[in-house]
Amino acid sequence: MVQVTVRPQASKGTINKNIYGHFSEHLGRCIYEGIWVGHDSPIPNTDGMRNDVLEALRELKVPVLRWPGGCFADEYHWQDGIGPAEQRPRMINTHWGGVVENNHFGTHEFFRLCELIGAEPYINGNLGSGTVHEMQQWVEYMTFDGESPMANQRRTNGREEPWKLKYFGVGNENWGCGGNMRPEYYADEYRRYATYVRNYGDNKITKIACGPNAHDYEWTEVLMRNAARYMDALTLHYYTLPTGDWQQKGSATDFDTAYWFTTMRRTLEMQDLLAKHSAIMDKYDPDKRIGLYVDEWGTWYDVEPGTNPGFLYQQNTMRDALVAGVNLNLFNNYCDRVTMANIAQIVNVLQAVILTEGDQLLLTPTYHVFHMFKVHQDAQHVALDFVSPDYTYGAERIPQLSLSASIDSEGALNISICNLHHEASAPLEIDLSAETRSSVSGSILVHETLSGHNTFEQPEAVKPQAFDGAKLEGGKLSLDAPAASVIVLKLQ
């Protein structure tokens, strides 16, 4: 029996709802077909965006959406995506499949998408192949309410009032596809470009610097030392690869228990990354003014057989559900530093919450985890004391359990529990003596197979069910968490 103690007095503060953010890149069928079908499509749409996707994203309460990339951002020239659609120049998407991009989805369409789903826009500017002037003009175009060439051009294109823009990234992966820069060089470039990302009127922009790739602690050190005073946030990218090999990443659905275990082990590396990058940031920013944004995370497998390798289309199983739950628990528990995270990506790409095919749509196991965990958005973090039993596989061992908890605006205590073990259940006893609770309800996501997933033929093979296995008696909550399951409990 695992003993867990609830310690509300040890809270790390508010769990920023933006931890539950998403990422949409011009990559494969994410934007085109996944979100944008055009005004004349037979698929029901609002202003060119498919209604079924909009409805599903509204239900998920997506707090923030990142766009247009990703690697695409540092080859995107925003002027190509404004004005009459038929007059927008076409381009080649050199990063993702070499397909022709018609630029029908641009700045106006992205802001309209965010309005339709209730999300804050997060825009990544082009530092890699763009100019300071180009970035300055884009910010002016979007947010300036006075008389200027850019504001007038926006009005000519049908938008009288400026948009509100909170989040702006000054480049993306500038250590790689965004220019293969050294951290010292990027720090100087960031300082130069960020100078011209101005606040117009009452619009206040959170300036986001490109942070490290996974374990590159030197990058964090250099950026914090040389540019901390000019930034409001620093990004972190980390993908979970079952094999650790970018050339042979493994199948999304055809895997054995060994690959299940290595996936869990590799996704738990996120905890080490958060701890070590946070420690470096603490040295230069002890007041935690600068947010750590994990704005690309999730699983990355070989693409589905027969699909374009550049489109990064993969299925989504219970293994992905556990990866999502584990990472969201980690972000919750590091909420004093992690104030945004954006899973990659929102539709049809990598660890997507939605898959589409023609006029069909399905919700993935990852979607269901985000839906279950949305109770933590903007809730007050609650610490949990426990020692996880080991999950041992061969000569390796990792923690079997991942937990986080919060108290929402209505006073309910919500506890999310992930049992990573592929075959062993986990009995828990949770001490609630610091809380007064009289009722418990919950939901569980579990399947009889580790590779359980939804298809267009069986779109509801994996979906949450009511969980009635938790018993509340004498200030203690007891339950048995099934193997490979995600549970969220609500105590009132």
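**Rings, cores and strands in the predicted model**

Ring pairs join Trp-36, Trp-67, Phe-72, Tyr-76, Trp-78, Phe-105, Phe-110, Phe-111, Trp-138, Tyr-141, Trp-163 and Phe-168 into a cluster. Rings of Phe, Tyr and Trp (its six-membered ring) are paired here when their centres lie within 6.5 Å; planes under 30 degrees apart are stacked, over 60 edge-to-face, and the rest tilted. The model is a predicted one, with pLDDT of at least 70 required for local features and 80 or more for side-chain atom pairs, while totals for chains, interfaces and linings use all residues. Residue numbers start from 1 along each chain as its sequence is written, and side-chain values use heavy atoms, leaving out hydrogens and water.

By the ring rule there are 23 aromatic pairs. One of them is Tyr-20 with Phe-370, an edge-to-face pair at 6.1 Å centre to centre and 85 degrees between the planes. Tyr-20 sits in the loop between strands E1 (2-7) and E2, and Phe-370 in helix H10, so the pair ties together parts 350 residues apart in sequence. Helices (H or I, at least four residues) and strands (E, at least two) are DSSP runs numbered from the N terminus. Tyr-20 has 1% relative accessibility and counts as buried; buried means under 20% relative accessible area, exposed over 50%, and partly exposed in between (1.4 Å probe, protein chains only). Phe-370 is buried as well, at 2%. For Phe-261 and Tyr-391, the centres are 5.0 Å apart and the planes at 85 degrees, so this pair is also edge-to-face. Here, too, distant parts of the chain are linked, with Phe-261 in helix H7 (residues 257-267) and Tyr-391 in strand E17 (residues 390-393), 130 residues apart. Both Phe-261 and Tyr-391 are buried.

Helix H10 (residues 365-373) also holds Thr-366, which is buried at 0% relative accessibility. Setting aside neighbours within four places in sequence, Thr-366 is in contact (heavy atoms within 4.5 Å) with Asn-316, Asp-320, Ala-321, Ala-324, Ile-343, Gln-351, Ala-352 and Val-353.

Now for the nonpolar cores, which are sets of buried Ala, Val, Leu, Ile, Met, Phe, Trp, Tyr and Cys residues joined through side-chain atoms within 4.5 Å. The largest has 122 residues, and Phe-168, Val-170, Tyr-186, Leu-274, Trp-297 and Phe-331 have the most contacts inside it. Helix H9 (residues 318-333) gives the most to this core, at 9 residues. Apart from it lies another core of 24 residues, including Val-6, Leu-401, Ile-487 and Leu-489.

Strand E5 (residues 64-67) is buried throughout, with Val-64 and Arg-66 pointing one way and Leu-65 and Trp-67 the other. Side chains in a regular strand alternate between the two faces of the sheet. E5 pairs in the parallel sense with strand E2 (residues 21-23) over 2 bridges, at least two DSSP bridges being what pairing requires. His-22 has Leu-65 as its bridge partner in E5. E5 also runs parallel to strand E8 (residues 120-125), joined by 4 bridges, and Arg-66 has Tyr-122 as its bridge partner in E8. The charged end of Arg-66 sits over the ring of Phe-23, 4.4 Å from its centre; the rule asks for NZ of Lys or CZ of Arg within 6 Å of the ring centre and within 35 degrees of the ring normal.

Helix H2 (residues 107-117) has 9 of its 11 residues buried, so it is largely enclosed by the rest of the structure. Among the buried ones are Phe-110 and Phe-111. Gly-118 follows H2 and has a positive phi, near 80 degrees.
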